[in-house]
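Some labels used for protein models rest on cut-offs.

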Amino acid sequence: MISVVYFGTYYFSAHVLESLINSGVFNIKMVITQPDRPVGRKKEVQASPVKLIAQKYNLKIDQPETLKNYSLSEVADLNITCQYGLLIPKSVLETARRGSINVHTSLLPKYRGASPIQSVLINGEKETGVTIMLMDEKMDHGDILRQQKIIIDPQDTYETLNAKLLAIAPELLIISAKDYLANNIMPQVQIHEEATFCKEFTRDDGKIYWEKTAEQIFNLYRGLTPWPGIWTEYNGKRLKLLEVKLADKIIELGKITAQQNQLFAGCGQSTSIEIVTIQLEGKKPMSAKEFINGFKNIL
RNA sequence: CGCGGGGUAGAGCAACCAGGCAGCUCGUCGGGCCCAUAACCCGAAGGUUCUCGGUUCAAAUCCGAGCCCCGCAA
């Protein structure tokens, strides 16, 4: 058994952790995840997805606010990190006998940073993948152990692409870890000059600029749905577009108009999108047809 | 006590500010028209107006309390 300390926080990471546990190859000595955070309108404190999995398997858990000056109580063969979300200092990375490896959901050195899955969609990339890499002090900067490429479907959204990456990541991680520990793998230095970076998104990033083309707006939708979602202003209120498609109507730029039971919006360069599902501020999500029924007078 | 919007027929909305038979667009059901239709015409059913209390001759509407949903913010 390979002993491991696992660092992770979010949904994707939780599934990777569970796959490691179920592989039977790893002994998870400890799980480090972010502290429970208040979330939602009621500010209810919520455990991270990784914590829930760790609890399910009765693993030892620690949730430090920061790893600065942190000293890891468990020494393992390997630290494995995936979507942890906090900086891990060199001293912690080096605590494990063979150091730390990371799962990153892009083809490094492209899309280093917090939001590779969203960013490749927003930029209309045709392919992405999963990279297993050694960690060093700089973010997503270490040598590459293995990389697997996948094709992005033009209809892929964050959710479907996330699922595709999740389908290949655990196995790639497991064989990479085994080969690395057996010295059957030659780590490859990244071509640092080709590195690109992506930032964490906020709700403001979902604001639609209608002068962009339909394809650009559609890509924004693909990357930012379901969170933070894309939105525009309508009669002074925020209007979320929960589901959109590319269309081929000619519509005045920025104007939302009803044709039969469908809603269309005009984008830049005489392109347009169809709005399938919509949510007005203070209201529940509704279909284009429902929206048209109630708001016919003011459209 | 973080800010704000909302709860009216199966759905989405109007009427509320200025109290007086609860209306519109759909959907559903029945009938008609048509080669045909998600189109068009005629008709029908379907409401304790979120709950509890108060004011009033009279409350969806005004006042008080509560429950629930949602957009921000975090």
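Q: What do the buried residues of α2 pack against?
A: In this predicted model, the buried residues of α2 pack against β1 (2-8), α1 (11-23), β2 (26-32) and β5 (61-62). The buried residues of this helix, which spans residues 49-56, are V50, K51, I53 and A54. Viewed down the axis of α2, its buried residues fall within an arc of 160°, so they line one face of the helix.

Q: Why is C198 called buried?
A: The relative accessible area of C198 is 10%. Buried means under 20%, so C198 is buried.

Q: What makes C267 count as buried?
A: C267 has a relative accessibility of 1%. The cut-off is under 20%, therefore C267 counts as buried.

Q: How do you know that C198 is in no disulfide?
A: A disulfide needs two cysteine sulfur atoms within 2.5 Å. The nearest cysteine sulfur to that of C198 belongs to C82 and is 14 Å away, so C198 is in no disulfide. The count of disulfides by this rule is zero.

Q: Why is Q63 called partly exposed?
A: Q63 has 23% relative accessibility. Partly exposed lies between the buried limit, under 20%, and the exposed limit, over 50%, so Q63 is partly exposed.

Q: What makes the pairing of the Q63 and D36 side chains a polar contact?
A: The distance is 2.8 Å.

Key
Residues are numbered from 1 along each chain as its sequence is written. Chains are lettered from A and ligands numbered from 1 in the order in which they are written. This is a predicted model: local features need pLDDT of at least 70, side-chain atom pairs count only at pLDDT 80 or more; totals for chains, interfaces and linings use all residues. Side-chain values use heavy atoms; hydrogens and water are left out. Buried means under 20% relative accessible area, exposed over 50%, partly exposed in between (1.4 Å probe, protein chains only). Helices (H or I, at least four residues) and strands (E, at least two) are DSSP runs, numbered from the N terminus. The arc is that of the directions from the helix axis to the C-beta atoms. Contact means heavy atoms within 4.5 Å. A polar contact is a pair of N or O atoms within 3.5 Å; within protein, one must be able to donate a hydrogen and the other to accept it, and residues adjacent in sequence count only if both atoms are side-chain atoms.
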